[in-house]
Amino acid sequence: MAFGLFARESLVAAAPCDLHACGDAPCVAAHSTTRGLYDAYNGPLYQMMRASDQTTTDIPLCSPGGVANAAAQDSFCEGTSCVITVIYDQSSRNNHLTPAPPGGAASGAEVNGYDSPANATMAPVTLGGNKAYGVYITRGSGYRNDDTSGIATGDEPEGMYAVFDGRHYNRRCCFDYGNAETNDDDTGNGHMEAIYFGAGDGSGYGTGLGKGPWITAIWKTALFSGFQQTHDPGDPSIT
């Protein structure tokens, strides 16, 4: 999947996390490899590692609150391949994302069962006429932070915001972005709150109108596309 924003013209006047702050709901985690999520943010968006010598580098913005400096990535990765090793949190909470550790459901293919980092060049996008790269998630790839700051726990209120590549999805459980257990295990119903994008997990839960894909909620241990527990015809396919 590609995390990031895609625009045909120019960036809006206020960045997403500035808008949330105006609504008294400040971002406590702000991840993007394509753009600044605050107008004033001028730090790194993500860290990459290249295969040729295992060197890492941070990819900056072209300007505060602007678009990622894709030219810096292209130069660093010329003649070799690169993976995304860190997705930086643009909020002040330092909730950075790194490849996920092994969990109760599965282990990854990397050392000690960690997930594989995403290929850095497989999700090119255009943002305000500028080239950028999203995060292309394949089977065995994923990112997580189990030691967070300011993230809602229990029944505390929270909101979530994400932009997905509508052409890249599957029919498996589960591609999502949100808030999950910090022990990497399934600790019971309702112990995870995240946005899911896909065509269902084969269980019959979380389906909508048509063949999908759909935007649904995942609340451990099922997908929910609306008020109905299984099928909600009010949730349209994303085409």
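A nonpolar core, as I use it here, is a set of buried Ala, Val, Leu, Ile, Met, Phe, Trp, Tyr and Cys residues joined through side-chain atoms within 4.5 Å. Buried means under 20% relative accessible area, exposed over 50%, partly exposed in between (1.4 Å probe, protein chains only).

The ground rules next. This is a predicted model: local features need pLDDT of at least 70, side-chain atom pairs count only at pLDDT 80 or more, and totals for chains, interfaces and linings use all residues. Numbering starts from 1 along each chain as its sequence is written, and side-chain values use heavy atoms, with hydrogens and water left out.

Now the main core. The largest one has 34 residues. Tyr 46, Met 48, Ile 84, Val 135 and Tyr 143 have the most contacts inside it. Elements giving it two or more residues include helix H2 (70–76) and strand S3 (82–87). Helices (H or I, at least four residues) and strands (E, at least two) are DSSP runs, numbered from the N terminus. S3 gives the most, three residues.

Take Tyr 143. Beyond four places in sequence, Tyr 143 touches residues including Ile 84, Leu 97, Pro 117 and Val 135. Contact means heavy atoms within 4.5 Å.

A second, separate core has five residues, among them Met 192, Tyr 196, Ile 218 and Leu 223.

Last, Asp 201. Where is Asp 201 placed? In the loop between S9 and strand S10 (214–218). Asp 201 is partly exposed, at 24% relative accessible area. Leaving aside neighbours within four places, Asp 201 contacts Arg 171, Arg 172, Cys 173, Tyr 196 and Leu 223.
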